[in-house]
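Reader: I have a model open and would like to learn how to read its contacts and packing. Where do we start?

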Amino acid sequence: MPEEKMVNIYIMNKQYEVPAGVTIMKAMEFAGYQFVRGCGCRGGFCGACGTVYRKPGDFRLRSGLACQLQAEEGMYLAQIPFYPANRSTYDLQELTPELSTILTHYPEVTRCLGCNQCTKICPQGLDVMDYIAAAQRGDVEKAAHMSFDCIMCGLCVSRCPAEIVHYNVGILCRRLYGRHIIPKAEHLAKRVEEIKSGKFDGELNDLMGKSQEELTKIYDDRDMEQ
Amino acid sequence: MAIPYFPGCTLKTKATGLDDSTRATLAALGLEVAELPEWTCCGTVYPLAQDNYMGKVAAARILINASKEDDGRLVTVCSFCYNVLKRVNHAIKNDEETRTKLTQFLEEEYAGETKLVHPLELLRDDVGFDTLQKKVNNKLKGIKVASYYGCMLSRPAAEMQFDEESENPTVMEDLVSAMGAEAVDFKYKTTCCGSYQVMKTYDLVVKKVREILEGAKAKGAQVIITSCPLCQFNLDWIQEKIAEEDSSFDKIPVLYFTQLLGVALDVPVEKLGLEKNYVDPKPLLQG
Amino acid sequence: MVKDGFTSKIKEISEQNPNLCMQCGTCSASCTGIGAMEELPRQVMRLLQLGKDKVLESPSIWMCTTCLTCTARCPRGIDIARVMEALRVVNLRQGNEVLVLEDIPLELLTEVPQMALTSGFRKLSA
């Protein structure tokens, strides 16, 4: 078996030698960390393992998800699994998709300085500053679309000089959009009504009375969509 | 070719009347504007602390994005946006440290090339008031109009270079005359309405608003025009509050200059956003 | 509170020299906010000349609307609005603010154009 290639990384400023090619999360576990928090799906979707790092010779702060990002030689890193964030509570049914709703729940969006640090840090590559700008001018639909891929990791919040909680603004806009802006699916509402009125009761009762063989035959002979 | 246009946040909500009427009147005069593809709040106020660069970043980015369009100009109508964009551009052009700090932070090359223009300047310089005069109807004949510039359009004079005299600009009065209405002069035209103090020292703003309104009415004005959504709000909304406490108070409509121009140019009234005004201007305009 | 050597800090941030002021009072006469001020702008300038740090706690500095009328009219060419801003800024940088977001009445918050919020926060909030 060939000798495993190792790299040096610095976790919270302590040096560790870890196998090359593994993710930050695996590397940390290799180094002896056990995750109780700051780890979730391990598939890049849950947003629990936001991580910031710097590389030698580069002043820029970079970010990624520990479960997705590969450990590289010389990385200085720390996980920021959560950043304190206030969350407004509301009854979505009672809200209207407009600026006053955003200002009622998150008036601090109007403190945005336009520094763009939120966009720079976003591990999802979202235009965070621009969706906050959309929210600030009451464009709920645009904010909802632009923030759609947000995984709520909170790294944007950690960087904001205006102390905005971007991801909560984003999810408020997506909820407002989903509940109040996108057109209702009329065919769905119609079908629900039909079911409620008993239109399919006969067919269902008929199926309930059949034997397993009969059901298998019906299933096998069903119309297949091409 | 369309001129790049920066509407500003308030024009997308509270002041849609200013946005709609600006686009519609400029279009009626053959000037097309195209909204910048992506933009943020400009910052609204120019930071007066020498070491506050962060307050200039958003405006700098907007100016840089505008410079990437072909036209070379950027139109903006809100007085706050106009003021902060023009002052930041001036600082970038004339102060090396500001230029270096902002362009390094934004990782862009820019030295203040964008020419910021206000629609009042477009009307005066590109359309020309003589030409405009030939295009207007006579719906505004006899209506007395007070032009309210507020604090943001012309100060500081050296940086804004808005009109010949910063204490006594006349471009709006010239526009009023070209629209076929009657311009009245009043001494409060460049005083401040109290601005953002509406958030903190409300009584001060009521006092200033009252001075301005009474000053205009004393000169016989039937309507006040402005280009600032915050002046418009303070002068308009606070009248409702004054009237609640003082039943003898005579209200006066406060319009954006572009709304009045729209009436003079026969722009369909639904494109002027008059329904958002607190003091209803329709009786005057249809009278 | 930055009290030691605060006048030099004010001079540095504002890039203005309050000692040029000749106390003519043109700024006070022109000021938008005087109706709500205890110390008028001229008196603020005088307190700075005398190095009185109580000027940092004067409510007057928060009544300014940065309308620049004082700046435009000062016969000594002092940008007085920048001086007032510097007095606010040294407070704000210590976390002393007068516009507290949580205290804004909901009616005002949802009625005003958002430019009033942004400008208010920039000038009056830490």
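Author: With contact: two residues are in contact if their C-beta atoms, placed from the backbone, lie within 7 Å. In this structure, L260(B) touches L140(B), V145(B), M179(B), I225(B) and L255(B), leaving aside residues up to four places away in sequence. The model is predicted, with local features needing pLDDT of at least 70 and side-chain atom pairs counting only at pLDDT 80 or more, while totals for chains, interfaces and linings use all residues. Residues are numbered from 1 along each chain as its sequence is written, and chains are lettered from A and ligands numbered from 1 in the order in which they are written.

Reader: At what angle do α1(B) and α11(B) pack?

Author: Helices (H or I, at least four residues) are DSSP runs, numbered from the N terminus. Axes are lines fitted to C-alpha atoms, for helices over the stretch in contact, and angles run from 0 to 180 degrees between N-to-C directions. Here α1 (residues 16–28) and α11 (residues 257–264) of chain B pack at about 45°, with axes 8 Å apart. Their contact includes L18(B) of α1(B) and L261(B) of α11(B).

Reader: How do the residues of that contact divide into nonpolar, polar and charged?

Author: Ala, Val, Leu, Ile, Met, Phe, Trp, Tyr, Cys and Pro count as nonpolar, Asp, Glu, Lys and Arg as charged, and the others, Gly among them, as polar. The contact of α1(B) with α11(B) has three nonpolar, seven polar and no charged residues.

Reader: How many residues of chain C are in contact with chain A?

Author: Eight, against nine residues of chain A. The largest share of chain C's side, four residues, comes from α7(C).

Key
Helices (H or I, at least four residues) and strands (E, at least two) are DSSP runs, numbered from the N terminus.
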